[in-house]
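Hi there,

Here is the structure I promised to pass on to you. Have a look at it first, and then read my notes below.

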Amino acid sequence: MVMNIKKIYIYISLAAVSLGFSSCDDYLDKLPDNRMELNSKEKVQNFLVSAYPERNAALLTEMYSDNTDAFKVTSWTSAGRFQDQAYSWDDITEVDDDETPQQLWNSFYKAMSTANTALKAIEDNGNTEEYQASKGEALLCRAFAAFQLTNTFCVAYDATTAAKAMGIPYPMAPETKVGTKYERGTLAACYDQMNRDIEEGLPLVTDNYARPKYHFTRNAAYAFAALFNLYYQKYDKAVAYATRVLGTDASAKLRDWKAFYSLSSNGQVAPNNYVNISSQANLLIQTAFSQAGAYLGPYNFAAKYAHGQLISEKEDLQAQGPWGSSSSFGYTVWNNNSLSKYFVNKIPYAFEYTDIQARIGYSHTAYPVLTTDLTLLVRAEANAMLGKYAEAVQDLNTEVKAFSGGNLSVTLTGIQDFYRGINYYTPTEPTPKKKFHTAFSIESTTQEPILQAILQLRRIMTVGEGWRLQDVKRYGIVMYRRTLNDSRKVIAVTDTMKEDDPRRAIQLPQDVITAGLPANLRNK
């Protein structure tokens, strides 16, 4: 296996005691270069490039979610300790792989620290009009990094429990000394601060970037605000912000799925198109150090734990839905060896050699972390939660038509009939219909079937992109660990994660716990 080398960051890293990794003793006594002398609008703008994380939790959350099974096939092996621990819901002790909690923690807090430094520089420079667009971007970046942290290291937000659930540290200013102590606070406090950052940043952001798809443009900012407010259970705001992005005709803003499905299967043609800046659907693109394209793509690498044939045929890519057979959407479902790794080829993989002879370097991928299609499903779900069922079905139908190239559609009656006609999922008799266990009530005859359809479509549309775990957490869906043989038969159910299992919050990095930050709870 090709070895990864991790980048060494030359600025804005927090000490291990206070959130990240330690540096040399005199680090804070001098500035590395003039990028730190943020005395002009242009320097602040350039500096904010580093306020976007260089890691993404998608691979970790895919391995952690119900999108993954284990296979007892001698020739199929795991990628190593990180994949073993992520699949097994263990507290992850591996630190070097790109998506380990350690790497994610460092990257997200580096982004927050960059945003805080930029905000301080803007204040020091008089907080004048010329800096307001950068101020808006910095506030959105700080909230976005905090959102990624809470999604990874906390339980799902619920208004009735968030005041008692542990949050994450939310630094509001750059560090001026090594060893600054932080508190985790509550999840409610974290969400409230994210909301303040978003609300203050939204009216300030601009579209004036040389490479706008890598920044919080107005559309990207409002799409993030819609998603955040869906998770924050502020459904009216989620609808309003999504509509700001989608306009009066959402169908005109969505991805050209039919064109994507027609692309060559060779190499990186389809994946590179999926994350292309020219796509109107892609609102915010994130590049990341990652081997996700190798884990989840057309390679035998890491095949022991994968999104396999049974999940594909019974739950998502090839399963039945209220739209008919999901195979009729039009995408090609690829697989690497007939049972393991059933996927749509959309996760890019690139390798940058730093030493060709030694075969070492960096693995890269990219994600469209905010899109118009996802925003439309955010609005559909928010409408369903508001009891606006006709609007929710209309949004869902718009996405189904787009996703199928105009071939498929849904109706409220069809949605109700489909989910009423199938049993709830069990690990040995899987279906797309999984029981919800939520603190809030869900009406059973109309609201639940619509939500089931939205979650099923989002699961299909985002396989490999890490979104599924958030839906599992938010709706209290029970997950199981199953072992399959080479005939795709379930030969063992090895673990169960119920809706109240504390493992739903992935454990903090060990060095952060050792430094004094409270660990996530675990059952004895």
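The C-alpha centres of domain 1 and domain 2 lie 26 Å apart. Please keep in mind as you read that this is a predicted model. To find the two parts on your screen, colour residues 40–56, 99–177 and 184–233 as domain 1, and residues 249–504 as domain 2.

Next, look at where they touch. On the domain 1 side, 29 residues are in contact with domain 2, which contributes 28 residues of its own. The size of an interface is often given as the accessible area lost when the parts come together. Here domain 1 and domain 2 bury about 2400 Å² between them, and 62% of that area is on carbon and sulfur atoms.

What kinds of polar links cross this boundary? There are 11 residue pairs in polar contact between the domains, with both residues at pLDDT 80 or more, while the count of salt bridges between them is zero. On the domain 1 side, helix H5 (132–153) and helix H7 (218–231) each supply at least two of the touching residues. H7 gives the most, with eight residues. Sorted by class, this side of domain 1 has 15 nonpolar, nine polar and five charged residues.

**A salt bridge to look up**

Side chains of opposite charge can pair when their charged atoms come close. The structure as a whole holds 26 salt bridges. One of them joins Arg218 to Asp207, with the closest N and O atoms 3.0 Å apart. Arg218 belongs to helix H7, whereas Asp207 sits in the loop between helix H6 (187–201) and H7, so you will find the two partners 11 residues apart in the chain.

Ala70 stands opposite Thr483 of E11. On the other hand, E11 (residues 479–484) and E12 (residues 490–497) are antiparallel and are joined by six bridges. Within that pairing, Leu484 has Val490 in E12 as its bridge partner. The hairpin that E11 and E12 form has five residues between the strands, and Arg488 takes a positive phi near 60° there.

Enjoy exploring, and write back with any questions!

Best wishes

Notes
Residues numbered from 1 in each chain as written. Predicted model: local features only at pLDDT ≥ 70, side-chain atom pairs only at ≥ 80, totals over all residues. Heavy atoms only, no water. Domains from an automatic or database assignment. Contact = heavy atoms within 4.5 Å. Buried area = accessible area lost by both parts, 1.4 Å probe. Salt bridge = Lys/Arg side-chain N within 4 Å of Asp/Glu carboxyl O. Polar contact = N/O pair within 3.5 Å; in protein donor to acceptor, adjacent residues only side chain to side chain. Helix = DSSP H or I, 4+ residues; strand = E, 2+ residues; numbered from the N terminus. Nonpolar A, V, L, I, M, F, W, Y, C, P; charged D, E, K, R; others polar. Pairing = 2+ DSSP bridges.
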